[in-house]
Amino acid sequence: MPPPSPLNSPLSTKWAVLETIPGLIALPGVWRQRFGEAFEPMKDLILQESPHLAQLLPCPRGCGLAHDIICRPDASLIATCGADPNQPRDILLSRAEITPWEVSWTKLSRALFEILALHGKPAPLLLPNTLQIGAWSAGGVPVILTVQVCGATFRRVVAELVARLQRRFILLAPTSYHCNAPCQELLAHARADFFPLETTVLLSDNRRLRTTRPPGELFAPFTPPRSETDEAEAARVFRLFGELLGMGTDLVAPPARVFDLMVLRQMTKAETALECKCAASSITKRVALIERHYAMSIERLRAFASDLKERQRTVKGDRYARKQQGAAPEEPEQYDEGDRPGGTEDGDGYLPEERQSWTGS
Ligand SMILES: [Zn+2]
């Protein structure tokens with residue numbers, strides 16, 4: 001069976017392209033042809049320019065060969081094709097045309113990390129084109145992305161993940177094309193689940209990525225049930241945050257602000273230092289203070305915060321769904337924070353019109 005044709009995919013599901021580009025690197029013309037209308041947004045979201053120029057040019061005249069790219073003494077760049085006697089042999093090239101674009105694992109994993117409301121840090125797994133992009137929920141379920149052109153490599157990656165992790169995990173890949181019955185069997189054995197990006201992460205009209213359903217719904221089977229202990233812990237975290245506020249808000253890098261930036265917004269130390277206009281060493285001191293104050297590591301606090309945020313989003317998703325169906329007459333129209341007319345940015349920095357709508361198509 002031939003691989004799925006990326007050219008026939010609708011605009012919002014161009015993930016299949018990634019499974020057609022060996023090495024995940026190609027000239028801009030190739031990406032443009034395969035991504036079609038999605039090229040510009042996808043380029044901004046997940047691609048980066050390679051530092052090296054290409055040496056071969058897949059023939060733009062369709063002769064089926066790849067031609068050597070030659071730099072002439074006057075620094076102009078050409079390739080030559082003699083297939084069509086009616087056209088000049090030399091094909092003049094610009095630097096931009098022969099600068100390949102490659103998938104940026106940093107951009108791709110960061111984008112997915114954010115829209116899937118993950119926590120933790122990316123971690124290499126020493127498997128080809130495979131990365132742990134973060135973790136889901138307070139249970140710390142590993143979320144792994146793999147991009148494979150070849151089905152046999154995909155199966156090898158799945159088998160090795162199952163054998164090495166020895167626990168449940170969430171696997172993402174551009175499409176389900178390679179996830180055949182033997183792979184599904186392996187995943188079921190580990191009680192892992194597979195999510196093809198083409199049906200879970202779409203390109204929205206505003207050229208951002210969005211999920212088809214709130215992550216809390218997508219990954220519900222991986223979210224530990226909320227216990228009374230969790231409730232008590234939530235109350236404790238809020239009380240302790242009040243105490244952080246009490247430590248002062250006019251200091252350099254106030255503890256409550258560092259908590260907000262690093263725990264709630266998941267910024268790195270360097271980003272937080274930039275935001276607070278202070279040295280990274282000051283942030284290190286504040287982090288130590290916060291960890292002592294909560295008797296919890298920053299990582300644990302982040303997991304906790306992302307879990308709370310996710311639960312809140314799931315509730316909001318339900319409310320959006322109800323609104324879409326029309327509010328019952330006795331039920332007053334409700335606006336979420338930042339959703340009311342003339343509202344300003346919400347906690348995630350989205351304006352109301354930028355906010356993801358879980359109920360849209
Ligand atoms: Zn040619």
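User: To start, how many helices and strands are there in the protein?
Analyst: This is a predicted model, and in it the protein has 12 helices and 15 strands.

User: And what share of the residues is buried?
Analyst: Of the 361 residues in the protein, 28% are buried.

User: What about contacts between residues at least 6 apart in sequence, what percentage join residues at least 24 apart?
Analyst: Among those contacts, 54% join residues that are at least 24 apart in the sequence.

User: Let's pick one residue. Where is Leu118?
Analyst: You will find Leu118 in the loop that lies between helix H3, residues 105-115, and strand E9, residues 123-124.

User: Is Leu118 buried or exposed?
Analyst: Leu118 counts as buried, because it has 28 C-beta neighbours inside 10 Å, and the cut-off for buried is 20 or more.

User: Which residues does Leu118 touch, then?
Analyst: If we leave out residues up to four places away in sequence, Leu118 touches Phe113, Ile133, Gly134, Ala135, Trp136, Val143 and Ser306. For Trp136, there is also a distance to quote: from C-alpha to C-alpha, Leu118 and Trp136 are 5.2 Å apart in space, while in sequence they are 18 residues apart.

User: Switching to helices: at what angle do H9 and H10 pack?
Analyst: Helix H9, residues 255-264, packs with helix H10, residues 269-276, at an angle of about 135°, and the axes of the two helices are 10 Å apart. That angle makes H9 oblique to H10.

User: Is the crossing left-handed or right-handed?
Analyst: H9 passes H10 in a right-handed crossing.

User: Which residues make that contact?
Analyst: On the H9 side the contact is made by Arg257, Val258, Leu261 and Met262, and on the H10 side by Thr272, Glu275 and Cys276. Sorted by class, the contact of H9 with H10 has 4 nonpolar residues, 1 polar residue and 2 charged residues.

User: Now sheets. In what order do the strands E5, E6 and E7 come?
Analyst: These 3 strands form an open sheet in the order E5-E6-E7, and their pairing is antiparallel.

User: Which strands stand at the edges, and why does that matter for their neighbours?
Analyst: The edges are taken by strand E5 (70-71) and strand E7 (90-93), and each of them has a single partner strand, so one side of each has no neighbour in the sheet.

User: How many bridges link E5 and E6?
Analyst: E5 pairs with strand E6, residues 77-80, over 2 bridges in the antiparallel sense. As for individual residues, the bridge partner of Cys71 in E6 is Leu77.

Definitions and conventions
Residues numbered from 1 in each chain as written. Predicted model: local features only at pLDDT ≥ 70, side-chain atom pairs only at ≥ 80, totals over all residues. Axes fitted to C-alpha atoms, helices over the stretch in contact; angles between N-to-C directions. Helix = DSSP H or I, 4+ residues; strand = E, 2+ residues; numbered from the N terminus. Parallel < 35°, antiparallel > 145°, perpendicular 65-115°, else oblique. Left-handed = near helix turned anticlockwise from the far one by under 90°. Contact = placed C-beta atoms within 7 Å. Nonpolar A, V, L, I, M, F, W, Y, C, P; charged D, E, K, R; others polar. Pairing = 2+ DSSP bridges. Buried ≥ 20, exposed ≤ 12 C-beta atoms within 10 Å, placed from the backbone.
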